[in-house]
Amino acid sequence: MPEFHRTGGGSRRGGGRPGGNRRGRRGGHGARTVTVKRAAPVEREPVGLPAVLSVAELADKLEVSGIEVIRELMKLGIMANLNQQVDYNTAAKVATELGWETFEQGSELASMVADFESRRQEGEQDPDSVARPPVITIMGHVDHGKTKLLDAIRSTHVAEGEAGGITQHIGAYQVETQGRKLTFLDTPGHEAFTAMRARGAQVTDVAVLVVAADDGVMPTTREAVAHIKSANVPMVVAVNKIDLPTANPDRVKQQLSEIGVMPEEWGGDIPFVEVSAREKLGIDDLLEVLLLVADLHELKANPDKPATGVVIEARVDSSRGPVATLLVQSGTLNLRDVAVAGATWGRVKAMFDDHRKRVRKASPSAPVEIMGLVDVPEAGDTFMVFEDERAARTLAEQRQAEHRMEALSTDRPVKLTDLYDQVQEGKTAELRLILKADVMGSLGAISAALLKLNEETDQHVQLAIQYSGTGAITESDINLAVTTQSIVIGFNVRPDAAGRRAADAAGIDVRYYSVIYQLIDEVKQAMTGLLAPVFEDVTDGYAEVRDTFKLPSNDVVAGCYVLDGKVVRNSRARVLRSGTVVFEGGIKSLKRFKDDVREVAAGYECGLGLEGFNDIQVGDQIESYHRQEVARS
Ligand code: GDP
């Protein structure tokens, strides 16, 4: 196998280091895994097959026509067309039938990746590890001052000589205080945090929860607390805007302690720091507390090995091509390193720090912007440096194939009906729920009734409410559902467009109810394994009301713009106002200009009338849907 060698620095990574044996293992590339072996009628070289490939690709490799492969697949009970993806095991069976010996390509890569992953996790146990800066995310309710706080920290603590040097943000930055560094992620709010977690990346070492002292705990504050707790990340509360005469920090402490965030001074374990992002007060105290928390958790990494880490942000720059901000988590990233990031790879052609200064090296917890990847990875993807360019490319290609496979796979995360199988097998299952409702009152009633089921029903299934809150089902609720493997329940609320897209993409089971006893009943049935799927609402699309017109008949017609999917006449509609359902009923009329039409697609405007509802308002969202019977599992 032609090994690629780095220009320079090779000896640092080569033999002698514990990592040296990796090379040995990979050197065994020729010793392939022969998984299926039968007497082959024709003497030929074994054929290497990737983890997934299309029927057409398989036919090509086996030097037969696509029809022949399809025929073999049919013998195995698989109906496939030429574009269908098959996995290695299936492909190998077909190959064997056609007289080939096979080996799985990339299995040596799998062991390399496993090796990297274990090294990534080794972290603190690695005897060569040294202290690294903490990585901090700022979360909290909108307008509580997250952005202002990030700016205040940045402007007061950029390293000597760098002041004023930061104009453009790269998604993360480092500051220095008391001769020590701290890394801040520059996308405040928990969307980024949860999106990363949903992709399996744990980036944050400490979370700062910002709460405005004049406003107190708000819905997003509670949501952020749920996310931080479920991620098991240490928390520091920054009580902001203490410069305001209306500031009431004690009320914030009171409110947070009620939701399980107990201040240290009240005997709890959460440090609270009072700050004013606007007046730049308390910033030093906050940083000091963050360093103390970091010390407590002994954050370490070994800088002396090939880098691994996480993609913070990535985009295509019209003149520079794919550009990605990486956060190095262990090892050191060097200019000209070859790295795999998610399903793409490339050689680091240029590297910039958070001041846009060219650098040649990035050590643990440092954010850097790099050029040289062949494609754009996704935020939350992990990256790792490879010594072997060919291996990097193969791994990236293999991951792309896996992504295609995943997209095709019907395997979905938890479904309410899955519980049935688990219970049938006599296993104890936990049914995790995320609960969203229109008002606090119903939320409380529903939670209480649900939790009572734990005592009532037979003990095979236990119910756990991961998070409950009011308002529309958002993307971050879905992300939390992905990481906690929960089912989302909406009571009189619906997902917003982004939430719907995320739920569809992740295959999260989202259920809607408008009658409490029905909700409780269905959950109870699921818990006792008797769930009978009946009808399901299938969303056709979303439109936004941009104008309203009163007809001579006094009926009101909404001038709408279709945002997503399509709107269909004679189907059903829900009118959503700030995520709450204000009307549910039929779509009476649908027009483009003066003409009646059957449906209107995304990107077009239309006039829409609802059956028996005239209180339509500009800014309302209209969800067009139809009912569909669901097969009983
Ligand atoms: P974010 O939505 O959480 O990122 O909040 P911003 O940082 O955008 O701040 C929201 C508003 O609060 C802005 O008008 C800020 O100027 C103001 N603000 C932020 N921090 C403070 C503070 O410490 N004191 C006062 N009086 N206003 C603040």
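A polar contact is a pair of N or O atoms within 3.5 Å; within protein, one atom must be able to donate a hydrogen and the other to accept it, and residues adjacent in sequence count only if both atoms are side-chain atoms. The model is a predicted one, in which local features need pLDDT of at least 70, side-chain atom pairs count only at pLDDT 80 or more, and totals for chains, interfaces and linings use all residues. Residues are numbered from 1 along each chain as its sequence is written, and side-chain values use heavy atoms, with hydrogens and water left out.

## The ligand

A backbone N or O atom of lysine 146 lies 2.8 Å from an oxygen atom of the ligand.

| Residue | Part of the residue | Distance to an oxygen atom of the ligand |
|---|---|---|
| Lysine 146 | backbone N or O atom | 2.8 Å |
| Serine 276 | polar side-chain atom | 3.3 Å |
| Alanine 277 | polar backbone atom | 2.8 Å |

Taken alone, the ligand exposes 580 Å², and the protein buries 76% of that. Accessible areas come from the Shrake-Rupley method with a 1.4 Å probe; for residues, only the protein chains shown count as cover.

How many residues surround the ligand? There are 15, and the closest are Asp143, Lys146, Thr147, Lys148 and Asp243. By type, the shell divides into 3 nonpolar, 6 polar and 6 charged residues. Here Ala, Val, Leu, Ile, Met, Phe, Trp, Tyr, Cys and Pro count as nonpolar, Asp, Glu, Lys and Arg as charged, and the others, Gly among them, as polar. Helix α7 (residues 146-157) supplies the largest share of the shell, 3 residues.

## The chain and its confidence

The chain has 17 helices and 33 strands. Helices (H or I, at least four residues) and strands (E, at least two) are DSSP runs, numbered from the N terminus. Of the 633 residues, 50% count as buried; buried means under 20% relative accessible area, exposed over 50%, and partly exposed in between (1.4 Å probe, protein chains only). The chain exposes about 29300 Å², of which carbon and sulfur atoms supply 48%. Among contacts (heavy atoms within 4.5 Å) between residues at least 6 apart in sequence, 72% join residues at least 24 apart.

The predictor's confidence in each residue is given as pLDDT, from 0 to 100. The mean pLDDT of the chain is 81, and 80% of its residues reach 70 or more. Confidence is highest in strand β11 (residues 235-240), at a mean of 98, and lowest in helix α1 (residues 10-13), at 34. Residues 1-41 stay under 50, and the model has 66 contacts beyond four places in sequence for them. Residues 407-413 are also below 50, with 7 contacts beyond near neighbours in sequence. Where pLDDT is low, the predicted coordinates should not be read in detail.

## Buried residues

Is isoleucine 228 buried or exposed? Isoleucine 228 counts as buried because its relative accessibility is 0%. Its place is helix α9 (residues 219-231). Not counting residues up to four places away in sequence, isoleucine 228 touches Met139, Phe193, Ala207, Val233 and Met235. Phenylalanine 193 is 35 residues from isoleucine 228 along the chain, and their C-alpha atoms are 9.0 Å apart.

Serine 468 belongs to strand β23 (residues 461-470). With a relative accessible area of 17%, serine 468 is buried. Beyond four places in sequence, serine 468 is in contact with Arg222, Leu435, Leu443 and Ser447.

Aspartate 509 lies in the loop between α16 (497-506) and β25 (510-513). Aspartate 509 is buried, with a relative accessible area of 6%. The side chain of aspartate 509 makes a polar contact of 3.4 Å with the side chain of arginine 511.

## Partly exposed loop residues

Most residues other than glycine have a negative phi. Glutamate 298, in contrast, has a positive phi, near 40°. Glutamate 298 sits in the loop between α11 (283-296) and β13 (300-301) and is partly exposed, at 49% relative accessibility. Asparagine 554 has a positive phi too, near 80°. The loop that holds asparagine 554 runs between β26 (535-550) and β27 (556-568), and asparagine 554 is partly exposed, at 48%.

Technical notes. A residue is near a molecule or strand if one of its heavy atoms lies within 4 Å of it.
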